[in-house]
Amino acid sequence: PGPEHTRLWRSRLVIGVACSGATWGAAALFLVPDTAPGVQFVVIFTLAGMVAAAAPTQAPVPTAFYVFSVLALAPLALRFLFDADAAQNTLGVLTILYMAGMAGIARRVHASVRTTLELRHQNRAMVDVLTRANAEAEAVNAKLVTEIAEHRRTGGDLEKSLSLLQATLESTNDGIVVIDRAGGIASHNHR
């Protein structure tokens with residue numbers, strides 16, 4: 001799929017995550033009774049767990065994570081902050097700090113995923129380059145093997161010709177001397 005499909009699916013993901021976060025946030029408003037601290041902590045830990053689970057799974061699209069965590073936890077934090085009880089206010093502040101901490105974790109997970117994908121792409125490109133270079137090296141090697149075999153054949157042919165020439169020179173009854181251009185003896189037979 002092209003970039004237009006990526007944008008479309010990214011938007012759909014953010015919208016779906018927003019609906020999920022809003023549902024959890026609304027549930028927090030209706031499921032946290034004022035007088036039952038045990039139930040409050042169950043709801044708080046459930047929402048915190050949902051946000052913690054969303055950090056690694058939604059971090060590849062940071063907007064999705066931020067939307068989910070804010071919509072899931074902000075209603076609870078606001079309810080606690082606007083309560084008259086100091087303990088509830090503390091829970092509100094802690095909820096906001098938790099959201100900030102989870103945003104930092106999601107940001108680091110996003111950076112890791114991005115780096116991993118970039119390295120994978122670079123590795124794939126390097127493998128392609130190395131595969132082509134290896135094929136070229138194998139072709140050059142095959143050519144060198146052929147040339148070496150040809151040189152050996154030529155060297156063998158030259159040795160046969162030289163041996164035949166030497167045998168011809170030695171088999172004549174006359175003495176033969178080969179003089180080089182400088183006037184020195186280059187070769188002779190033993191007659």
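Ser69 has its place in helix H3; helices here are DSSP runs of H or I with at least four residues, numbered from the N terminus. At 4% relative accessibility, Ser69 is buried, a word that means under 20% relative accessible area, with exposed meaning over 50% and partly exposed in between, for a 1.4 Å probe and protein chains only. Leaving aside neighbours within four places in sequence, Ser69 is in contact with Val51, Ala74 and Met99, where contact means heavy atoms within 4.5 Å.

Please keep in mind that this is a predicted model, in which local features need pLDDT of at least 70 and side-chain atom pairs count only at pLDDT 80 or more, while totals for chains, interfaces and linings use all residues. Residues are numbered from 1 along each chain as its sequence is written, and side-chain values use heavy atoms, with hydrogens and water left out.

I remain with H3 for a moment. Val67 is also found in helix H3, and at 24% relative accessibility Val67 is partly exposed. Not counting residues up to four places away in sequence, Val67 touches Val14 and Ala18. Val67 and His151, by contrast, are 84 residues apart in sequence and 74 Å apart in space, C-alpha to C-alpha.

This brings me to the packing of the helices. Two packed helices are described by the angle between their axes and the distance between the axes. The axes are lines fitted to C-alpha atoms, for helices over the stretch in contact, and the angles run from 0 to 180 degrees between N-to-C directions.

How do H1 and H3 pack? Helix H1, residues 3-31, and helix H3, residues 62-81, pack at an angle of about 15°, with their axes 8 Å apart. H1 is therefore roughly parallel to H3; angles under 35 degrees count as roughly parallel, over 145 as roughly antiparallel, 65 to 115 as roughly perpendicular and the rest as oblique. The crossing of H1 past H3 is right-handed; a crossing is right-handed if the near helix is turned clockwise from the far one by less than a right angle, and left-handed if anticlockwise. Among the residues that meet here are Val14, Val17 and Ala18 in H1, and Val67, Phe68 and Leu71 in H3.

H1 and helix H2, residues 37-58, pack at an angle of about 170°, with their axes 10 Å apart. H1 and H2 are therefore roughly antiparallel to each other, and their crossing is left-handed. The contact is made by Val17, Trp24, Ala28 and Leu31 of H1 and by Val39, Val43, Thr46, Leu47, Met50 and Gln58 of H2.

Ala53 is found in helix H2 and is partly exposed, with a relative accessible area of 44%. Ala53 and His110 are 57 residues apart in sequence and 14 Å apart in space, C-alpha to C-alpha.

Next, helix H4, residues 86-171, which holds Met102. Is Met102 buried or exposed? Met102 is buried, with a relative accessible area of 9%. Leaving aside neighbours within four places in sequence, Met102 is in contact with Val51, Ala52, Ala55 and Phe65.

Phe65 itself is buried, with a relative accessible area of 0%, whereas Tyr66 is partly exposed at 31% relative accessibility.

Finally, a charge near a ring. Arg12 lies over the face of Trp9, at 4.7 Å from the ring centre; a charge sits over a ring if NZ of Lys or CZ of Arg is within 6 Å of the ring centre and within 35 degrees of the ring normal.

Methods:
Helices (H or I, at least four residues) and strands (E, at least two) are DSSP runs, numbered from the N terminus.
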